[in-house]
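Please have the chain open in your viewer as you read.

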Amino acid sequence: MGRRYEKALVTGGAGFIGSHIAGRLKALGMEVAVIDDLSMGSLENLPSCVEFHHGSILDQALMKKALAGVDIVFHNAAKVSIRNSFDDIYGDTETNVLGTVNVLREAGKAKIKKFIFASSMAVYGDRARLPVAEDGILEPISPYGAGKLAAEAYVRQLARYYGFESVVLRYFNTYGPGQTLTPYVGVITIFINSLLQGRPPMVFGSGAQVRDFVYVGDVAEANILAMKSSVNGMAVNVGTGKGTSVNDIASLLISRLGPGLEPVRAPLPLGEPKDSVADITRARNLLGFDPRTRVEHAISEVIESVKANFQAGLAGA
Ligand SMILES: NC(=O)c1ccc[n+]([C@@H]2O[C@H](COP(=O)([O-])OP(=O)(O)OC[C@H]3O[C@@H](n4cnc5c(N)ncnc54)[C@H](O)[C@@H]3O)[C@@H](O)[C@H]2O)c1
């Protein structure tokens, strides 16, 4: 049976994944606070009746305020771009490493009980055998991946020091409604957005590279399962265990939104692993995680969500 927590803080809760987690927590009847600097997220993503703190996780006084009465933290705020992490190494590290340390320190002082950290498949790099298990080779190939790996170490260490439980969730390529549109994160959202403008999707490399596309509702569910479980001090992959090539995603979306178009090609950017698929045995065994959503089935919902944002953007232009 689930352990009981009364009040959660979701950092980055106005963003894509964090807002889905906040929605699930509200649906469970919990009190929810969110801290977000709105650098990427939006207030429209927030479920109703959450306590919102506008500002940075680097702000010690604001973190202290946001943590009042909180017994569990879901730490999702981050700079989320492999490519940006090369262009702005300091900014990436400041938010993703020092920001995490600040959240951990204030969470420890606030005497929370549990900390769930949004890490990434980027901690593995390119040398791990696929599907990659949690004990696979940890050799990140980007500052973003290096920062997430360092932050994981701080989570484990400071959780022991302050005496709270921790779980590190390594999300794979997450997609779904409400994804923040940027040129660099979320290939499905980016492809749909291009096609809605009548432009073919841009495929990096040969397009044969596979990714483990996991639905945002399933990622939110993994967070809820981690909250309810007694798992402590461990990293757990959050994917589907199945690889889908970028070419297959492009074909699926072209058939729906731009029949006859051909993808344009560009070299694989620095820091992107060639292939990436999760071994989710640990998530299945320890959390009871059972990701059922398939890209083919969820794609209509995602297209509608990107369309709505696209039309809102046009209306506001
Ligand atoms: N989307 C993916 O495929 C994916 C994969 C692996 C890991 N992750 C991780 O999941 C988490 C959520 O990612 P997402 O896809 O929802 O991205 P997102 O950009 O939609 O959400 C991140 C949120 O953090 C906020 N934020 C950024 N810097 C902040 C700061 N200094 N203080 C307060 N808020 C700040 C942004 O405004 C945004 O709302 C991140 O930690 C990311 O690294 C995402």
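## Before we start

This is a predicted model, in which local features need pLDDT of at least 70 and side-chain atom pairs count only at pLDDT 80 or more, while totals for chains, interfaces and linings use all residues. Residues are numbered from 1 along each chain as its sequence is written.

## Two domains

The protein chain is divided into domain 1 (7-174 + 214-238) and domain 2 (176-211 + 242-276 + 293-316). These bounds come from an automatic or database domain assignment. Taken over C-alpha atoms, the centres of domain 1 and domain 2 are separated by 25 Å.

Where the domains meet, 25 residues of domain 1 are in contact with 18 residues of domain 2; a contact here is a pair of residues whose C-beta atoms, placed from the backbone, lie within 7 Å. On the side of domain 1 that touches domain 2, helix 1, helix 3 (82-87), strand 7 and helix 7 each give two or more residues. Helix 3 has the largest share of that side, with four residues. By class, the residues of this side of domain 1 are 11 nonpolar, 11 polar and three charged. In these classes, Ala, Val, Leu, Ile, Met, Phe, Trp, Tyr, Cys and Pro count as nonpolar, Asp, Glu, Lys and Arg as charged, and the others, Gly among them, as polar. Helices (H or I, at least four residues) and strands (E, at least two) are DSSP runs, numbered from the N terminus.

## Around the ligand

Now to the ligand. It is surrounded by 30 residues, and the closest are Gly12, Gly15, Phe16, Gly41 and Ala78. The shell holds 14 nonpolar, 13 polar and three charged residues.

Which elements supply at least two residues of this shell? They are helix 1 (16-27), strand 2 (31-36), helix 4 (89-109), strand 5 (114-120) and strand 7 (173-175). Helix 1 gives the most, three residues.

## The nonpolar core

The largest nonpolar core has 87 residues, and Phe115 and Leu169 have the most contacts inside it. Such a core is a set of buried Ala, Val, Leu, Ile, Met, Phe, Trp, Tyr and Cys residues joined through C-beta atoms within 7 Å. A residue is buried if 20 or more other C-beta atoms lie within 10 Å of its own, exposed if 12 or fewer, and partly exposed in between, with C-beta atoms placed from the backbone. Helix 7 gives the largest share of this core, seven residues. Both domain 1 and domain 2 give residues to the core, so it lies between them.

Leaving out residues up to four places away in sequence, Leu169 touches Ile116, Phe117, Ala118, Ser119, Ala222, Asn223, Ala226, Val236 and Val238.

At 1.5 Å a residue, the 12 residues of helix 1 should span 16 Å, and its end C-alpha atoms are 17 Å apart, which agrees. The expected span is 1.5 Å times one less than the number of residues. After helix 1 comes Gly29, whose phi is positive, near 90°.

Helix 7 (residues 216-228) has 10 of its 13 residues buried, so this helix too is largely enclosed by the rest of the structure. Asp218, Glu221 and Asn223 are among its buried residues.

## Backbone details

Most residues other than glycine have a negative phi, and most peptide bonds are trans. Cys49, however, has a positive phi near 65°; this residue sits in the loop between strand 2 and strand 3 (51-54). Cys49 is exposed, with 8 other C-beta atoms within 10 Å. Lys111 also has a positive phi, about 60°, and lies in the loop between helix 4 and strand 5. Lys111 counts as exposed, with 12 C-beta neighbours inside 10 Å.

The peptide bond from Leu130 to Pro131 is cis, with omega near -5°. Pro131 lies in the loop between strand 5 and helix 5 (143-162), and Ala128 lies in the loop between strand 5 and helix 5 as well. Is Ala128 buried or exposed? Ala128 is buried, with 21 other C-beta atoms within 10 Å.

Notes. Near = placed C-beta within 6 Å. Contact = placed C-beta atoms within 7 Å.
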